[in-house]
Amino acid sequence: MKLIEDPLAIKELKIARAITVLTGAGISAESGIPTFRGEEGLWKELSPEELASFEAFYKNTAVVTEWYQHRRDILYHSKPNAGHYALRELQQLASKFDLITQNVDGLHQRAGSMDVIELHGNILENYCINCNQRFSQEEFDEIYRHNPNHIPHCYCGGLIRPNVVWFGEALPEESIEKAYDSAITCDVFISVGTSAQVVPASNLPRIAKQNGAYLIEINTANTAISDIVDLRLEGPSGTILPMFIEDYKQLIKKNN
Ligand code: BV8
Ligand code: ZN
């Protein structure tokens, strides 16, 4: 079954030199990782500010640390799904390709995607807020296991936090610069599995559109950018993305 039938979409994808993809929690939903704002969203009961902020961490270190350990446990039993693998394939097919993710689960890298731009960090990395000492997840787990009240301290006495961007924190300079540059220069921008509510990540599809990119959205529901996209492909990304790749292969084959 052909997914891409819109003549303009066919034309744009045929001539596209640079493709940029932005992913959100939705692409990992089919790997069993709960999204943030959906029905089963992790934050349904708890507000993001209660958990994903430095203030919350400093005030409730044990609670916030336990929440991250809980999410890591889910991640240990998860693996990339067909949507992640389809984007790894797209990276090999497109002349120029950037993959930007808001996710902190590392599933794109486990699916073989290279040079992933992680806007919000990685949940399996940790560092000391005092001396900046880095801790692998294994080292962190060792400290966490031996610390009776689950308050993980570094050797210098400082608290150890996850290497993720919390609300109110700046995104890694290099990552957001690269992401803005990619959104400005790409020919096609594909937003996958994000509600497009969190800034500055959600600025990217708008910036791409303002700079002339053809904007595609893959999602199971409407989002904050649905009204500006050129093509909406409704459905689970684990189904839509593999179909998209098959159509894209046909399109570029005709080119060559
Ligand atoms: C900053 C890491 C400045 C941590 C995360 C008031 C108005 C506007 C903005 C603000 C405001 N108050 C504060 C702000 C700024 C704030 C913000 O945007 N808040 C929002 C909530 C309004 N942003 C910040 O604080 C950022 N920093 O602005 O700093 C600054 C500058 C200089 C110096 C100092 C400070 C930092 C934002 C980063 C926060 N960290 N995560 C952690 O994970 O623990 S955000 C978190 O949300 C995740 O990263 C997640 O990826 C991200 C975005 O959510 P989505 O990925 O879109 O997930 P969501 O559940 O929302 O949606 C899932 C989608 O998937 C849905 O559309 C669903 O339909 C779809 N779906 C479901 N299943 C499928 C599917 N699609 C396809 N297939 C499926 N199977
Ligand atoms: Zn330290």
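The predicted model contains an open sheet of three strands in the order S5-S4-S6, with antiparallel pairing. Strands, which are DSSP runs of E of at least two residues, and helices, which are runs of H or I of at least four, are numbered from the N terminus; two strands pair if DSSP finds at least two bridges between them. Strand S5 (134–136) and strand S6 (160–164) are the edge strands, each pairing on one side only. On average, neighbouring strands of this sheet are turned by 40 degrees against each other, direction ignored. Five bridges link strand S4 (residues 121–128) to S6 in the antiparallel sense, and Asn 122 has Asn 163 in S6 as its bridge partner.

This is a predicted model, in which local features need pLDDT of at least 70 and side-chain atom pairs count only at pLDDT 80 or more, while totals for chains, interfaces and linings use all residues. Residues are numbered from 1 along each chain as its sequence is written, chains are lettered from A and ligands numbered from 1 in the order in which they are written, and side-chain values use heavy atoms, with hydrogens and water left out.

Two helices lie across the sheet strands. Helix H5 (residues 61–76) lies across S4 and S6 and runs at about 135 degrees to S4. Helix H8 (residues 137–146) lies across S4, S5 and S6, at about 90 degrees to S5. Such angles run from 0 to 180 degrees between N-to-C directions, with axes fitted to C-alpha atoms, for helices over the stretch in contact; contact means heavy atoms within 4.5 Å.

Cys 154 is buried because its relative accessible area is 7%, whereas Cys 156, at 39%, is partly exposed. Buried means under 20% relative accessible area, exposed over 50%, and partly exposed in between (1.4 Å probe, protein chains only).

Finally, His 84 belongs to helix H6 (residues 82–93) and is buried, with 0% relative accessibility.
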